[in-house]
Amino acid sequence: MGSYIPNTRAQREEMLSAVGVSRVEDLFAAVPHEMLLEHLDLPAGLSELEVRRAVEAMAAKNKVYGTVLRGAGAYRHFIPSVVKSVISREELVTAYTPYQAEVSQGILQAIFEYQTMICALTGMEVSNASVYDGSTAAAEAIAMCRDRKKNKALVSACADPQTIAVMRTYCFGSGMELEVVPAKDGRTDLEALKAALTADAACVYLQQPNFFGNIEDAKAAGEAVHAAGAKYIMGCNPIALAVMETPAECGADIAVGEAQPLGLDLAFGGPYLGYMAANKAMFRKLPGRIVGQTHDVDGNVGYVLTLTAREQHIRREKASSNICSNQALCAFAAGVYLSAMGAEGLRQAAKLSMSKAHYLAAELAKIGLPRLHEGPFFHEFATKCDKPGAVLKALDEQGILGGLAVDGGILWCATEVVSKEEIDRAVAIIKEVC
Amino acid sequence: MKLIFEKGAPGQHLSLLPACDVPEVEIVSPRAEAPELPHLSETELTRHYTALAKRVHGVNDGFYPLGSCTMKYNPKINEDMANLPGFTNIHPLQPEETVQGCLEVLHTSAKLLGEITGMDAMTFQPAAGAHGEFTGLLLIKAYHKNRGDSARTKIIVPDSAHGTNPASAVMAGFTVVNVPSGPDGCVDVEALRSAVGPDTAGLMLTNPNTVGIFDRNILEITKIIHDAGGLCYYDGANLNAVMGVVRPGDMGFDVIHLNLHKTFSTPHGGGGPGAGAVGCKALLAPFLPGPVVEKNENGYRLAVPEHSIGRVKNFCGNFGVVVRALTYVLTLGQEGIPEAAKNAVLNANYMMKRLSEKYTMAYAGPCMHEFVMDLQDLKAATGCSAMDIAKGLLDHGIHPPTMYFPLIVHEALMIEPTETESRETMDEACDVFLALWDLAHETPQALHDAPVKTPVRRLDEVGAARNPVLKYTPND
Amino acid sequence: MTFPAELKYSKDHEWVKMLDGATALVGITDFAQSELGDLVFINLPQEGDDVTADEAFCDVESVKAVSDVVSPVTGVVEEANTELEDEPQKLNEDPYGAWIAKIKDISAFGELLSAEEYEAFIEKK
């Protein structure tokens, strides 16, 4: 049994006597006797060797695919070696939240750099230190827009269904109304959006590119939203932002998104990273931690958690959000990723992803799987498919994770890590089945 | 130290991606200008991060007795297990047959943690303690709604509670009723009795409480709430004091959250990621966020509970954190879990005894895994506050304890050594605390000026808030 | 500590300056700002907000705390002093000059003290 308790039996005896009790159980005297657990039904503890075997056995029951052609909210991108090398440093892994700024300047500066990079990507004025993931960021964003007269949030049907689900659950808590604006041909129906923008509409959330990979007319949507006096929230893929029109350019008041593509493993869904950024008018409503620059008593530049009076530990029941933590180490990883890639590397990742996806789409169209929708897309697209089960099974047998089965067909994704050979191979396999 | 944007030169870069082997495509609606991101060589990049890491004090650097945070040792085997390619390379939307290992991790963790806490079902979807609180309160809300009882709009919270408790209650759509703590730091039972009624949805409590004392009236407290028709929520932040010794499920709690990054040794990462697992008794299981993992003769599968509140996060939660927690629980096992709790309590009492030589404890009597010191007398006598002592500790390489929490104690310092600290470390730390007490009396100015040995000295927080500078802007 | 004679004061440490029978400026007293410490932000009320005597109508933030500002009168906010958004320190530097809101249509008053009564009230604390 591993214990991690340094003190020997003898040392513990000495400490007990210093405290003035004979057994450690005496220190639990306040616990009613009848509540003390008689038998804890757990297996016996294990040595490190045995634990390793047990957990490795579980990992071995998972299938790791050589080629991944599935996205839908989690993306396999190339992660430069420096990222993991940096974030596995003991100091960064084992530190607590940087409340004692003098001994936490490394983390605070890294978060300040991360905030700067998120603003660079999105064009927005202020970023927070991150939240749990893209969907909770979206849910927090709609809450930011609520006011006494406007209690309705509108979300496009083309947003990730999981994001819509999270928003719904958060609205069950807050009492905010959530209305889904219908899709038309794989994009948000702008006419339906305008009709839904009644006087009580506080905000509209649009995902860009949307769940089906299609690029929305985000500027036009933004104009409609503002014309109705509501706030505009965009949820953008951060890799796409290397080349795509920014939320700021589209008039967004708040920009959020899932930053897992920025250096985080797929890891069966987590930990991931939600970014949140806002314009000048709204930044004080951002939930969560924010790092600011200041000076110390000697005039040296330093960094601190700031604007803390917004937060729950001070406002308690008057806080607008209960969020206490950020995903610090994940944000750190994203910062390292963006620094390693630089603007040019990120542009390359975006361009490669987009090009591979367009090549895959063209090849699939040739063998009878045309796109379900028209118009521009980024690195995901949906195709018609009459036998999705058979197609995915055939790919699976060859170590390829095909696209996600959706209504009407399959949602495919290609990123910079997929080679032309892998695409050709996948297409050949599908051709056999169809 | 320069920011990363101030280093390197345009054109410097790493060589990471190959040329495009398919026809290149341009985006239709491009951004006007490329984002301004750093431009560094790999040498400069890694040096920058090495320098940043050297300006951080982690648990692996030295004693970190932060009350209510449980800064215990983060085992390295946990990191290795979480980083197995069989976990890191798994897409969350893979077919169920191909992720039986991941589902086994979640199912087994739910079973083992359920046994430790006395809960019947568990979700790992919440990403943090506060997120777990929000989730648990929504379970309570859904439960009452399902019973057709719309009058239950209030959640009772003791005034000693962590700020997330009332904030979570409001986020879940409740109003908060604060009940006072008695002079012993525990819930004032009579005040609680007067506070309940047909509008009581539930109570949020942690036990031991935020001053490190086990509330011996706990069974009476949970009964009062249940008799009034409400449910009891356990804030698991202090579970390290009692895990394997007594279970929240046996104290009368219906729903709990665990902080895997506190009690179950997963690292804090500078502020995340953590995991706020939520466990509940059978009566709330139908409302859990979905999907949950079920097991049958064919293996594991994902299922959505019948009356699920929906989702609080994408996919299944912070899976990588759960792997670390599972590795830890398997390591400690049946004997190790209660042994950890008992030694956490022993260590805290040992430090409390030694520090009582000079410092005033906020509450008399033995503590659990943490204790609170009240420095009002020191402040009155010397002008040195809890803040000054904390800053003095920094110059000795010791991370300060939690300051100014809970709110019911003024000039509070809350100390939680955890079970993974040695007697030598604790003795050295106590020596420093006692020396600082003397220094406060002899040369208070030295503490007002502290720290002097850290990379930066005390920072102007007022300036930071009045004139926020929240990102780097290049000088013109 | 100053207590301008021409103002009225509430026990929650706000001051009131009547402009005419139904309009007034309100702010926080010198005692209040010294207790609160360096103020870093004020969440101003909005034009058109209804305010009620003895109820909070806005709040002020220091680095580590937030405090409600209780309205001494019942009425409607005609104007909020938006200068304070960028310069909250004026509340500390010039508490009686840094008015927070102009309230109109005043229909009721909370308990108001004269400068001497308020000074005596503070002494007793």
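User: How do the axes of helix H12 and helix H13 of chain B cross?
Analyst: Helix H12 (residues 386-394) and helix H13 (residues 423-442) of chain B cross at roughly 125°, and their axes come within 10 Å. That makes H12(B) oblique to H13(B). Axes are lines fitted to C-alpha atoms, for helices over the stretch in contact; angles run from 0 to 180 degrees between N-to-C directions. Under 35 degrees counts as roughly parallel, over 145 as roughly antiparallel, 65 to 115 as roughly perpendicular, and the rest as oblique.

User: What kind of model is this, and how are things numbered?
Analyst: The model is predicted: local features need pLDDT of at least 70, side-chain atom pairs count only at pLDDT 80 or more, and totals for chains, interfaces and linings use all residues. Residues are numbered from 1 along each chain as its sequence is written, while chains are lettered from A and ligands numbered from 1 in the order in which they are written.

User: And the helix and strand labels?
Analyst: They are DSSP runs, numbered from the N terminus: helices are H or I with at least four residues, strands are E with at least two.

User: New topic. How many residues of chain B are in contact with chain A?
Analyst: 164 residues of chain B, with 164 residues of chain A. Helix H10 (residues 319-355) of chain B gives the most to the chain B side, with 22 residues. That side holds 91 nonpolar, 46 polar and 27 charged residues.

User: What packs with H10(B)?
Analyst: Helix H2 (residues 48-59) of chain A does, at an angle of about 140°, with the axes 10 Å apart. That makes H2(A) oblique to H10(B). Their crossing is right-handed. A:Val51, A:Ala54 and A:Val55 meet B:Thr327, B:Leu330 and B:Thr331.

User: What is the strand order in the open sheet of chain B?
Analyst: E1-E7-E6-E5-E4-E2-E3, seven strands with mixed pairing. Two strands pair if DSSP finds at least two bridges between them. Strands E1 (121-123) and E3 (175-179) of chain B are at the edges with a single partner strand each, so one side of each has no neighbour in the sheet. Neighbouring strands are turned by 20° against each other on average, direction ignored.

User: How does E1(B) pair with E7(B)?
Analyst: In the antiparallel sense, over three bridges, with E7(B) spanning residues 278-280. B:Ala121 has B:Cys280 as its bridge partner.

User: What about chain C? What joins E2(C) to E3(C)?
Analyst: A hairpin, through two residues. Strands E2 (residues 14-20) and E3 (residues 23-28) of chain C run antiparallel and are joined by six bridges. C:Glu14 stands opposite C:Ile28.

How values were computed: Two residues are in contact if their C-beta atoms, placed from the backbone, lie within 7 Å. Ala, Val, Leu, Ile, Met, Phe, Trp, Tyr, Cys and Pro count as nonpolar, Asp, Glu, Lys and Arg as charged, and the others, Gly among them, as polar. A crossing is left-handed if the near helix is turned anticlockwise from the far one by less than a right angle, and right-handed if clockwise.
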